[in-house]
Amino acid sequence: MSLSSDIEEMVNRIGPPEPKTRKRKIELYSQGVIAKFRNAEYALSQLKDLNKYSDDKTLADENDLVVRERIHFYLDSFFAFIYSTFDVISQVVNQKWQMGLDERQVSIKGLKNRLNQNHNGHDLQDCIDVLCRANYFKNMDKFRNCSTHRRQIYVRCEATLISETPGYSSTADLTTVKRLICDDPYALSPSTNQNRELIDYCEKMLEWTETKLINISKKI
């Protein structure tokens, strides 16, 4: 399974019969889906690199940001980009199906509403409806909305000092770090009762998103 190859196949399938301007828009928005997904992948790769450090550690480079600040930057980026993949593929549907939605206002939720009104029972309508009811999507929507419009997403960092093994010397403190993403970012006092490890949860959400994008591309 490859998002890039499936999106390219989609463009080749739906592009040629379309008028030149609409065909070009379909191509550009399709490239945008892949770009947004790769941006999300990059943000996650940075989170993985940072996850081994404690919150207050400062890494040696020109930016004087502690790890906690970098974690929030890349986590905000991850949710912004991954959610955007669905909004951008909605632009492709809007062009191909001539939905009449204003390109400046196209969104996955707006597309869902229009499909429910005019294409109820179609495979794509069912696909988008199931997508928007999924827990991964609902949580993605919450996290993105929180980080964009409200506040930083709450992440709990647990750093544990590793006891030194008798008979061996250590030149620095050794710690294990575990980060948990909150259950509900809107809560005034966010909890982590679901024990969702940050990297594992984001990896699963990225994989789920790729699968859904490919499913959508096959039904356009």
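A: Lys96 forms a salt bridge with Glu18, and the closest N and O atoms of the two are 2.8 Å apart; the term salt bridge is used here for a side-chain nitrogen of Lys or Arg within 4 Å of a carboxyl oxygen of Asp or Glu. The pair links distant parts of the chain, 78 residues apart, with Lys96 in helix H3 (residues 67–96) and Glu18 in the loop between helix H1 (3–14) and helix H2 (20–50). Helices (H or I, at least four residues) and strands (E, at least two) are DSSP runs, numbered from the N terminus. This is a predicted model, in which local features need pLDDT of at least 70 and side-chain atom pairs count only at pLDDT 80 or more, while totals for chains, interfaces and linings use all residues. Residues are numbered from 1 along each chain as its sequence is written, and side-chain values use heavy atoms, with hydrogens and water left out.

As for accessibility, Glu18 counts as buried at 11% relative accessibility, whereas Lys96 is partly exposed, with a relative accessible area of 23%; buried means under 20% relative accessible area, exposed over 50%, and partly exposed in between (1.4 Å probe, protein chains only). Glu18 and Lys96 also belong, together with Arg22, to a network of salt bridges, and the structure as a whole holds 17 salt bridges.

An α-helix has 3.6 residues a turn, so residues three or four places apart point the same way. Arg24 is partly exposed, with a relative accessible area of 43%. Asp102 forms a salt bridge with Arg104, and there the closest N and O atoms are 3.1 Å apart; Asp102 counts as partly exposed at 31% relative accessibility, while Arg104, at 76%, counts as exposed.

The helices H2 and H3 themselves pack at an angle of about 160 degrees, with their axes 8 Å apart, where axes are lines fitted to C-alpha atoms, for helices over the stretch in contact, and angles run from 0 to 180 degrees between N-to-C directions. H2 and H3 are therefore roughly antiparallel to each other, a description used for angles over 145 degrees.

Gln98 is exposed, with a relative accessible area of 53%.

Among the buried residues of H6 are Phe137, Met140, Phe143 and Cys146. What covers the buried residues of H6 includes H3, helix H4 (108–118), helix H5 (123–133), strand S2 (175–181) and helix H7 (198–219), with contact taken as heavy atoms within 4.5 Å.

Methods
Parallel < 35°, antiparallel > 145°, perpendicular 65-115°, else oblique.
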